[in-house]
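This briefing covers helix packing and aromatic pairs in one protein model. Please keep the sequence and the structure open while reading.

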Amino acid sequence: MAQAVFTITPEEKQSAVWHTLEIREAIARLNADTENGLSSVAAKKLLSEVGANELTGKKSKPWWLKFLLQFNQPLLIILLCAGLVKAVTGSLVNAGVIWGVTTTNAIIGFIQESKAEGAIAALAKAITTEATIIRDGQKIRIPSGELVPGDIVLLTSGDKVPADLRLIQVKNLQVDESALTGESVAVEKNTQIVKLDTALAERKNMAYAGGFVTFGQGTGVVVATGNTTETGRISQLMEQHADISTPLTRKFDKFSQNWLYMVLGLATLCFVVGLSSRGFQEALEAAVTLTVSAIPEGLPAVVTVTLAIGVSRMARRNAIIRKLPAVETLGSATVICSDKTGTLTENQMTVQAIYTGGHQYTVSGIGYTPDGEILIDDKPVNLNNNKGLQECLIAGLLCNDSQLEKKNGRWVVMGDPTEGALITSGNKAGFSQPTLAKQMPRLDAIPFESDFQYMATLHATPQGKTIYIKGSVEAILQRCTWMLNTEGEPRPLDCVETLRQTSIEREVNIMARQGLRVLALAKKAVADGQNTVDHPDIATGLIFIGLQGMIDPPRESAIKAVQACQEAGIQVKMITGDHAITAQAIARRMGINKNGSVLAFTGAELAKMDQTELAQVAEEGVVFARVAPEQKLRLVEALQSKGEVVAMTGDGVNDAPALKQADIGIAMGGAGTEVAKEAADMLLTDDNFASIEAAIEEGRAVYKNLLKAICFILPVNGGESMTILISTLLARDLPILSLQVLWLNMLNSITMTVPLAFEPKAQNVMQQAPRHPNEPLLSGSRVKRILAISLFNWIVIFGVFEYIRQTTGNIDLARTMAINSLIAGRIFYLLSISQLIPNLIAKMDGTIKENVDVPAIGFGIIGAIILQIVFAHVPLINEVFETAPLNLQQWLLCLAVGSPMILWATVVNRFDPPN
């Protein structure tokens, strides 16, 4: 028994281009034994050297480190320092409250963002299976994790390919590699070498880990296991492309940085000025209070809640968000890169055109469901008057090695998708494959082989023994001397060459331009004594029956969704592993274009381009066909380099790296692989491209509501900061203390701001162009709004404090009334930016029919009022926060002081409309 020794290093093994090697050379490199396989001893030694056939990912951060990283934000660091200053100076209660606020924010962030990355584990599941191999001269089954390079693996129909194999023997072997390559049709395998630059989907002498054997048998030698397989390479690509920031996080980072510089500058000024007019302790208190007042502590929580509500709304529309920032990112998407197979299309081959007896027929219905009709001139055909059509359908049913089965209420093909399409077209005409098989039993068959490009079966029929043949148009026509007419009668062909160049060739070209895969069908009567069929039997004398053209059809709902996205200014691009002609035809049928044109590029063309050329092509192109996983990544990166916000949809293993790199990855929740789901930011529960349009609509609405929340919170910080700074400059007592600031910024702000997250979307949200990715969080008009409202808030706080202090001499009462007057003004401001009042008016005059969400805003206002009653009248709160109770007259005074906000906000809304 030959003892295999693995003589090449793992690095050399990875670089070996196995598809370019002859079988003998591949066997020699691996020192494998095709007859006896590896010995158990050699296999065990190899396993210890190269490792198990499993995918391993990088170690994730421990939970405690993930939690600590939540504090790694500039604004929170400043708050922690402010708390430390308070603690050092003896104000432990103040320090505890400040630290409590920062810890609360960290906990919220930790809960939302600490879901462990499961993509690598899902990839491992994708190749975990059992394998039939030869070891020690015996055929045995072992867990796929124990496979090593040099093992001889036996494949048969229904098997999952356990590792990357160089095929050394095949018998009608067909492998479905759609999850890896995007190719919707199972690939017929052979053992012949191919060129070095051959695309992954066209390496017919290889079987890759994660593929499924749909037909035939084969034998291969393991050339790569675990992380060195093509599936493993994808897992490494995913590791190399860690989560990137989203437009929302980038804008908040920039905002936080700018706000931090401003806060530090003002706090330093406040401290320096305070030292010149008051003691160190008072100057420090003023600086800390200004710092706390300027930082919008409630903003992270409000943003989280707003996004979470967006998540809930999207879930009701079949879009599940896995990562919160994806809500806003989707709303700002400028490009959607969509995989074709299973995303834009049904992932079910469907016959849509038939040509027989000189007539063209169309077939309605989609997928393997036997719902549909065969039409001629848009009218159902009468099969009794179309014997030629009957023969064409029967041939497709009998010359067929696949079956359709109903599983979980859904029709699925057991075998080749092309044959499943032929069965479905026959079923739509009322034929039954099992019934025909009994009436015309099969006696013998010639399986499909790529060398001959056809399949043939011999049947005993009521009219005598008949051979049915299906295959490529070229292979069938050259063997035909007869052709069926409409009545099903054969008529001689005067010139086969003329026939090919006229009617049939014209029909083939028509179908090809529609992206249809065309199969020709023929038959031949033989003697009753013949019980076998061989190639010479069908070399000549065939009767041409007809053509059946099939395609993986686009989803009807996806066509409408594509149109809606393009109307919203969002480009749609198709990225697929399928053929360019097919993909281009699908794109035209779906209306996917740019400026009316459908430019298509292949992976081979993309491979020759540098980054500059690729970026230009990525912008101008619409269809990208036969692309490898790393090319999908390059395309996404190229679009991002042009400033696009990229959403990438997909469902296969091959989509995972690009899903992870894109600004938002969208996976199919039903048909999608676990790999794609774990890499994505969002899942579509109904696998419907149309749900993306709905999610974009919700995403845009969420962003609008976020801006409202920011424009509501920041003016309070602005008013507080102005109050403290000016009081310090004038050497006056502080109208508001640091703990009171935290009460306002956390409890009251959150209570009044969260209702804005429930604001309904604007009616024209999908008629607006996408936001520019570089549009700042605070535009010029929003900055003016914040400054104007901040000025009003400062006047209210400072004015009421000074008036009450001078008239009553009670500084705690003055501060309490100043804060309550501010809250009164905020209530009026909240109503001014909300859609509540405009929507109520529109509801009454019949302009809109949707229900207006009154409770959200109403509960927010009531909650704020209750909080302020507690703030003023609960003894414990009075002691901790240094507040005082108010009488009814004082409450009414606070309300009156806040009411001018109605006119002030009306003026502000003129130059910065909130809706």
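**Helix 28 against helix 30**

In helix 28, the residues Leu 707, Cys 711, Leu 714, Pro 715, Val 716, Gly 718, Gly 719, Glu 720, Met 722, Thr 723, Ile 726 and Ser 727 meet Arg 782, Arg 785, Ile 786, Ile 789, Ser 790, Leu 791, Asn 793, Trp 794, Ile 797 and Phe 798 in helix 30. The contact of helix 28 with helix 30 has 13 nonpolar, 6 polar and 3 charged residues. The model is predicted.

- Helix 28 covers residues 690–729 and helix 30 covers residues 780–808; their axes lie 7 Å apart and the packing angle is about 45°.
- That angle makes helix 28 oblique to helix 30.
- The crossing in which helix 28 passes helix 30 is right-handed.

**Helix 15 against helix 16**

- Helix 15 (residues 387–398) and helix 16 (residues 417–428) have axes that come within 8 Å and cross at roughly 135°.
- Helix 15 is therefore oblique to helix 16.
- Helix 15 passes helix 16 in a left-handed crossing.
- From helix 15, Leu 393, Gly 396 and Leu 397 meet Leu 422, Ile 423, Ser 425, Gly 426 and Asn 427 of helix 16.
- By class, the contact of helix 15 with helix 16 has 4 nonpolar, 4 polar and no charged residues.

**Aromatic pairs**

- There are 9 aromatic pairs in the structure.
- One of them joins Phe 452 and Tyr 454, a tilted pair with 5.7 Å centre to centre and 50° between the planes.
- Tyr 454 counts as buried, because its relative accessibility is 2% and the cut-off for buried is under 20%.
- Trp 743 and Phe 871 form another tilted pair, at 5.1 Å centre to centre with 35° between the planes.
- This pair links distant parts of the chain: Trp 743 sits in helix 29 (residues 738–753) and Phe 871 in helix 33 (residues 854–873), 128 residues apart.
- Is Trp 743 buried or exposed? Trp 743 has a relative accessible area of 6%, so Trp 743 is buried.
- Phe 871 has 0% relative accessibility and therefore also counts as buried.
- Trp 743 and Phe 871 form one aromatic cluster with Phe 881.

Technical notes:
Residues numbered from 1 in each chain as written. Predicted model: local features only at pLDDT ≥ 70, side-chain atom pairs only at ≥ 80, totals over all residues. Heavy atoms only, no water. Phe/Tyr/Trp six-rings, centres within 6.5 Å; stacked < 30°, edge-to-face > 60°. Buried < 20%, exposed > 50% of the residue type's maximum accessible area, 1.4 Å probe, protein only. Helix = DSSP H or I, 4+ residues; strand = E, 2+ residues; numbered from the N terminus. Axes fitted to C-alpha atoms, helices over the stretch in contact; angles between N-to-C directions. Parallel < 35°, antiparallel > 145°, perpendicular 65-115°, else oblique. Left-handed = near helix turned anticlockwise from the far one by under 90°. Contact = heavy atoms within 4.5 Å. Nonpolar A, V, L, I, M, F, W, Y, C, P; charged D, E, K, R; others polar.
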